[in-house]
Number of protein chains: 2
Amino acid sequence: YLTGGLSMSIPDPKHREALIKLETSMQTGGQLVLNDAERRLDSLLFTMKQNEIVRPDFPPTMHFFKARHLIRTSPIFTLLKKMPKGGALHVHDFSMVDVEWLVKNVTYRSQCYICVTDKQSIRFIFSSQLPKPLPHCSPWTLLENLRAKMINITDLDNSIMGNLTLFTDEDPETVYPSQDVVWDRFEQTFLALWGLVTYAPVFRDYYYQGLTQFYMDNVMYLELRALLPELYELDGSTHDAAWTLKTYQNVTRQFTADHPDFYGTRIIFTVHRGVNITTMKGVVEKAVKLRRDFPDVMAGFDLVGREDRGRPLWYFREALSLPKNVILPFFFHAGETDLEGTEVDQNLLDALLFNTSRIGHGFALPRHPVAKNISRKRGVALEVCPISNQVLKLVNDMRNHPAAALMSENHPMVISSDDPAMFGACGLSYDFYEAFVGFGGLRSNLGTLKQLAMNSIKYSSLTPEQQKKALALWQRRWDEFVSNNAF
Amino acid sequence: YLTGGLSMSIPDPKHREALIKLETSMQTGGQLVLNDAERRLDSLLFTMKQNEIVRPDFPPTMHFFKARHLIRTSPIFTLLKKMPKGGALHVHDFSMVDVEWLVKNVTYRSQCYICVTDKQSIRFIFSSQLPKPLPHCSPWTLLENLRAKMINITDLDNSIMGNLTLFTDEDPETVYPSQDVVWDRFEQTFLALWGLVTYAPVFRDYYYQGLTQFYMDNVMYLELRALLPELYELDGSTHDAAWTLKTYQNVTRQFTADHPDFYGTRIIFTVHRGVNITTMKGVVEKAVKLRRDFPDVMAGFDLVGREDRGRPLWYFREALSLPKNVILPFFFHAGETDLEGTEVDQNLLDALLFNTSRIGHGFALPRHPVAKNISRKRGVALEVCPISNQVLKLVNDMRNHPAAALMSENHPMVISSDDPAMFGACGLSYDFYEAFVGFGGLRSNLGTLKQLAMNSIKYSSLTPEQQKKALALWQRRWDEFVSNNAF
Ligand SMILES: [Zn+2]
Ligand SMILES: [Zn+2]
């Protein structure tokens with residue numbers, strides 16, 4: 001069994017050292033050569049990690065709802081917040097802004113009606129007159145009247161807030177014992193905020209506020225998955241999807257004018273995977289049209305909603321097949337599941353067969369070696385959203401997240417936050433923390449962070465020209481960040 | 001973006017089918033061609049799995065302590081128990097036999113003394129006279145006297161039983177909130193049963209009973225990790241390690257004489273990784289001598305104890321380096337950790353550099369692409385012990401176990417049970433259940449099971465000649481099993 005060496009079989013320490021270095025160089029960012037300042041910052045980060053990893057309450061091992069206050073006081077997190085993270089490539093339209101803003105700003109606007117459903121969820125609508133009652137819902141009440149009658153408005157506001165997010169101070173395992181329960185609450189929460197955010201004036205402010213929060217978190221670019229719903233006005237009149245898309249375009253222009261170092265937003269038009277084939281055909285046609293009419297702002301198309309309960313991509317294959325000369329890039333959610341060998345579990349392969357530009361989540365990818373090879377060879381990046389996967393109960397301990405192994409072999413990926421407001425997160429920094437400290441352990445380093453940030457530009461839907469410009473913008477901010485924090 | 005096809009870009013369904021088949025063929029057992037009867041049994045298994053997977057209380061998602069009674073009533077488990085599983089290659093000496101046997105049989109033997117430690121653990125000793133008191137322990141009491149005074153003996157016996165296993169009916173998350181707590185209890189439990197099982201007459205019976213339980217679970221061969229402690233007699237006299245090894249040899253001969261279709265046992269001599277370098281050198285010398293004197297029964301050498309708190313392999317590199325002409329195969333535990341980038345996390349690579357024959361656990365392997373490549377190329381199999389990893393808090397949901405991905409790419413591996421009695425398991429069937437249903441989902445099939453069983457012979461320490469014989473023995477049993485259960 002034992003070979004090599006002269007008389008003793010001790011492994012050659014130099015060979016060992018070389019293999020360890022080889023492995024480190026294989027991870028995400030392992031090929032980057034850091035400059036002096038970066039190396040100093042990297043040493044600092046390593047020391048911080050050593051301190052973090054010996055904590056008995058090591059945050060990546062805990063549910064995010066319990067870990068959040070610990071992460072907030074972590075010096076690593078403080079650095080990550082300041083770090084220019086590039087783009088957020090997987091964020092949904094109505095979970096960009098923290099719910100406190102929704103309650104304290106939006107629900108305090110005039111003409112806001114509220115009702116309570118049979119299942120104790122809430123619904124909102126803005127209206128110039130008393131709206132028609134909703135089925136399975138109490139009569140509408142004007143929120144300002146309700147507040148006027150209340151002694152403790154804080155309780156009411158907290159209760160509304162609790163209805164608009166999954167985040168809770170209670171034990172998350174008790175509140176959400178199963179995937180079914182947490183997804184059900186997820187969908188109810190979504191319906192609860194629907195009436196607030198689809199009111200045209202709120203929609204504009206919400207999106208501007210969303211951009212602000214990502215910008216404050218040092219995110220410079222967004223690819224937003226958007227349902228492009230019909231927005232409504234106080235008199236009940238509505239606007240079409242193109243109007244919604246134009247509104248995104250206008251508000252983005254306004255925001256970049258106000259903040260010249262923000263690069264912009266592109267929209268990935270999404271539809272719920274619960275629709276039937278006929279509807280899907282119509283939606284795809286609409287997407288093609290929008291893409292033709294708004295090529296700058298429209299990046300492509302995707303399906304949303306719980307994969308495990310929804311129809312698989314292959315079910316929609318005809319609707320998703322387009323004439324050769326039609327351009328509609330896909331950005332499919334796929335593999336957000338822990339079922340193995342089911343029809344839904346083929347979504348990863350099918351997304352790739354439909355030439356998806358990226359994969360939303362791809363949690364199941366390591367169990368699909370063929371899909372994994374294709375994704376790697378073609379450079380189809382995974383949009384990894386650690387906190388989302390944990391809250392929606394695909395994984396408990398972040399160190400067991402499948403992306404930890406993928407990151408150790410530099411699989412194409414970006415880090416994103418999916419629905420930060422829903423999870424009590426904000427921007428990208430919390431998810432970067434989980435990826436950097438949880439997936440990476442002591443091994444990931446400043447190079448990993450740098451590569452992840454650069455990946456978010458490299459794997460974006462921007463043209464090569466635009467990427468060059470965005471990368472230059474990011475590089476300036478990065479150099480500043482490094483020189484301000486390396487000692 | 002969209003290419004291929006004549007006018008529409010729909011992916012070719014035949015190409016898709018071929019890729020799905022390719023992926024299925026890449027998993028463990030994916031290359032095996034099943035005969036008619038095997039295919040019928042496979043269909044049956046698939047239906048069973050479909051029923052199992054829709055259960056709201058799907059066992060692989062739950063802690064084994066809560067899942068055990070559900071698994072017991074699963075028709076898949078009933079089949080797995082009957083299935084000839086080949087060898088158990090990762091089992092420790094003093095956790096082979098269920099604790100009920102220890103209490104009801106062993107502690108009822110005469111001259112059995114008990115004491116209670118400061119930390120409310122218990123200790124035992126057999127002695128012809130009152131033994132000297134232990135430090136930090138109550139005075140010794142003769143157990144038969146204690147029982148004579150008791151009104152409720154069942155309570156006493158249950159309490160003893162609870163001290164000899166980690167298994168509990170209470171909520172395991174509450175009882176064992178952290179790795180530190182569960183490992184501490186693990187070590188206390190081990191000390192508690194030490195005085196029982198190292199008493200020479202009990203030792204023989206314990207081992208024979210252990211073989212019986214594995215045999216009843218349709219395991220035909222064992223590689224037992226054994227500390228080879230000095231066994232004691234009633235008068236306090238002791239025997240040396242060679243005597244213990246000979247005892248294993250004799251009892252094994254007796255057992256195979258009584259059960260001719262049991263192939264045998266080989267011993268992997270183990271030492272706790274807490275020892276210092278000088279001690280380690282002595283132990284390795286002893287191991288070399290035992291291997292030379294008992295080449296048939298001695299398979300090799302390994303270190304045991306919690307990796308995260310112990311010394312890394314590289315610390316012992318001199319002690320583990322042997323002259324070229326000396327043969328001592330290693331079977332190192334490595335990568336039983338979720339720390340990443342620490343010194344202990346190098347154990348996987350170091351085990352391979354020391355030419356380990358197999359890897360105990362290898363839980364961290366997917367995060368180590370270099371080590372993973374070496375293990376694959378050299379055919380160094382992982383001994384995957386799902387329930388052990390879950391109870392010792394490396395993973396919650398079995399579907400997230402890293403071996404699920406490894407199994408989908410046919411990485412060299414065997415399934416074993418580590419310390420079944422400690423975890424309330426028995427033989428290999430519970431661990432096979434977790435691997436087959438949890439790791440494999442709907443995709444793993446009868447071929448997977450067959451390959452895993454054959455792997456346990458292929459990756460054993462048996463010579464090619466012996467493997468051929470063992471495989472023939474197994475094949476007969478397998479064909480019987482298939483024809484008895486395929487309809
Ligand atoms: Zn999403
Ligand atoms: Zn072990």
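Reply: A term comes before the metal site: donors are N, O and S atoms within 2.8 Å of the metal (3.2 Å for Na, K and Ca), and water is not among the atoms, so sites may look incomplete. This is a predicted model, in which local features need pLDDT of at least 70 and side-chain atom pairs count only at pLDDT 80 or more, while totals for chains, interfaces and linings use all residues. Residues are numbered from 1 along each chain as its sequence is written, chains are lettered from A and ligands numbered from 1 in the order in which they are written, and side-chain values use heavy atoms, with hydrogens and water left out.

Me: Which protein donors does the zinc ion (ligand 1) have?

Reply: Along the chain, the donors follow the spacing H-x1-H-x240-H-x84-D. Lying 2.1 to 2.3 Å from the zinc ion (ligand 1), they are A:His90 (NE2), A:His92 (NE2), A:His333 (NE2) and A:Asp418 (OD).

Me: Is A:Asp418 buried or exposed?

Reply: Buried means under 20% relative accessible area and exposed over 50%, with partly exposed in between (1.4 Å probe, protein chains only). With a relative accessible area of 3%, A:Asp418 falls under that limit and is therefore buried.

Me: What is the geometry of the site of the zinc ion (ligand 1)?

Reply: Four donors count as tetrahedral if all angles lie between 85 and 135 degrees; four count as square planar and six as octahedral if opposite donors are over 155 degrees apart and all others between 65 and 115; anything else is irregular. The angles among the four donor atoms of the zinc ion (ligand 1) run from 83 to 169°, and the site is irregular.

Me: How are the rings of B:Tyr315 and B:Phe316 arranged?

Reply: Rings of Phe, Tyr and Trp (its six-membered ring) pair if their centres lie within 6.5 Å, and planes under 30 degrees apart count as stacked, over 60 as edge-to-face and the rest as tilted. By this rule there are 51 aromatic pairs over all chains. In one of them the centres of B:Tyr315 and B:Phe316 are 5.0 Å apart and the planes stand at 85°, so the pair is edge-to-face.
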